[in-house]
Amino acid sequence: MAINKFSCEFGGKTLSIETGKLAQAANGACLVTYGNTVVLATAVMSAEARAGLDFFPLMVDYEEKLYAAGRIKGSRFIKREGRPTDEAVLVGRFIDRALRPLFDQRLKNDVQVIVSVLAFDGENDPDISGLIGAVAALQISDIPFNGPIAACRVNLLNGEYVINGSYSQRLEAKFDVDVAGTTDTVIMLEAGCDQASEEQVLEAIGLGQQAMKPVLELLEKMRLKIGKPKREPYLMLTEAENLAEKRKVEIKGILLPIAEKLIEDKFFAEPMASKTERAQAKQAFKTALKAAAGEQGVVETELGMVGALAGEYLDNAVTKMIVQNARRVDGRAITEIRALGAEVKLLPRVHGSGYFTRGETQVLSVCTLGAPGDKQTLDGMELVGERRFMHHYNFPPFSVGEAKPLRGAGRREIGHGALAEKALQYMIPAAEEFPYTIRVVSETLMSNGSSSMGSTCGASLALMDAGVPIKAAVAGIAIGLASDGVNFKVITDLQDLEDGMGGMDFKITGTEKGITAIQLDTKTVGLPRAVVEEAFKQGLVARLKVLEVMKTALAQPRAELSEFAPRILTLQINPERIREVIGPGGKMINEIIAKTGVASIDIEQTGLVLITSVDAAAGSAALEWVKNLTREVEVGEFFTGKVIKLMDFGAFVEFLPGKEGLVHVSEMAPWRVEKVTDIVKVGDTVQVKLFEIDDKGRLNLSMKQAPGNVYPEKHG
């Protein structure tokens, strides 16, 4: 295959895409270069469809290669890349969420998209070029895909909008908004903001869409020049599977009027407030539909099709009720939020806890405060360093009434945890103000609609309950969409049956002053601007209502930390004296910890010492010890010391931790001393005065010039 190169200007830099050289066994493959960041994107589809599937089997993987950043894994024993980092999982989800709605959902062949980072320049984030590369690989392949789309990052820096800002620019920016879609529609959004206004974010989305125009043109140019003809999903089925699909269409037509009448007359005719009630009605509807199908000549072996069609009929009916009649299954108004509840201090012993409910979604969040040394070490391709604020999200199977094995955090749990973390990140106080490591864990105890937004609210309450001086409380809400392809209704507080085809899950978090995070997924081929604007409008109103309820539980962070939380005492020392606190091989710092009972002592390169202790007395003792270790002594000061060594000419006395001086025999007593042992022995406690620091820095002490010494009887 011939090598083809395509390029365009994108955000003031050249984006280039090369095909025909690498990974030619894939259905589609390309190499994308942006700056000096290079990604390889491949798309592969299995030759045969998977029998019996009722969903489209798509896999999207994003692979960080440490060699791309010129790094070797920091672990002493494991040098090979292993389990994906959380950051890699999040980028994989980022790409997946943009691609998934653009596939023909009838497709039952396995499709796998892999984005591998081959070179990383530390300036251009591979996520944007990775998504563009994935689209390019799909565009030129024979895999059914309704592209193109593109992606763009928009930052607001010092009042100016920046396209695809560098890492350093993003650290200083008001927000970081990632938008995927076309110049006219939005298919996916991801954003972290420092209380940005809805107007600012909407403007950023529009600018991002316009900035994507040359990329979209480039992708279409690639398809026209080297793209393979797309395969028809039905043509990939066996003859028997094709007959089954045709029969399904036939049965669908026969049962449609029956299903509509059942829904209108018997099921969902009256509002049903609870998820359980709706689930029972759904099952009863499915049973009734199967019975009606039997009367219409549908044989028993075809009843599985009827079960699948029942869900489709219900989705369409729920959408129709909302779009045409502004009527929701549970009887709520379009902009109405379910019943809200908020509490704090539910658990003893923990440092802070927050409990948040919205309808049948129930989240318990717990905050733990740790020492600065408890920070998470980051050892990924992009993120290297430490993280002092973490939010983790758990979703046990009992929360949705299921029994499943516990297998640890999956991609969904990592994604939901990261969204709430992003929502709160800008509100966390700086380490200089609040030096603790902060971890919040949100436990989903019951779920029916946006537990990630529930965890944002619960985590905010838990932080305030723990006494973390966050800048403002943060709340979140999920905005949905009902659409028949022509008309639409934006709905506040999305739940179960409302999340059907043609819908969206538009999550918006923020404070009273502005937005802190956004995550948008859609089951459409793109949202028009009017939908996005309406979602922001309804999201703001709902967010403020949620914040008012949260205030009834706790209006602001507690002034004092929990009695069970550790206290951190700080001391600034001369950086040149750090080694005196640490000691050879850590001997001194370990001795301080062991003898005082503090939890930990952390020392920064600036000389800032942080002592963490649950016990106030232990913390004070350790602080005094470090002060004495590092203090500058002056001539004329008096000390209490211990004799540690005897010489013929005098005694060495340790008068501060790690600091000793010589009491010459002539300075031991107000009379002539013949032998040192006549006055002191090792282990004696004595009073001394520092009367001289000689030109070599040696400390000369005097006992006779210090009051309070008790001497043996004078001899001779």
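## Hairpin β27–β28

Strands β27 and β28 form a hairpin with two residues between them, and G658 in the turn has a positive phi of about 75 degrees. The model is predicted, so that local features need pLDDT of at least 70 and side-chain atom pairs count only at pLDDT 80 or more, while totals for chains, interfaces and linings use all residues. Residues are numbered from 1 along each chain as its sequence is written, and side-chain values use heavy atoms, with hydrogens and water left out.

Helices (H or I, at least four residues) and strands (E, at least two) are DSSP runs numbered from the N terminus, and two strands pair if DSSP finds at least two bridges between them. On that basis β27, covering residues 650-656, pairs with β28, residues 659-664, in the antiparallel sense over six bridges, and L656 stands opposite K659 in β28.

## Parallel partner of β28

Strand β28 is also joined by two bridges to β30 (residues 699-702), the two running parallel, and here L662 stands opposite N700 in β30.

## Backbone features in loops

The peptide bond between G147 and P148 is cis, with omega about 5 degrees, and P148 lies in the loop between α2 (126-140) and β7 (150-157).

A23, a residue other than glycine, has a positive phi near 55 degrees and is found in the loop between β2 (13-19) and β3 (28-34).

A326, although not a glycine, has a positive phi of about 50 degrees, and its place is in the loop between α8 (303-325) and β11 (340-344).
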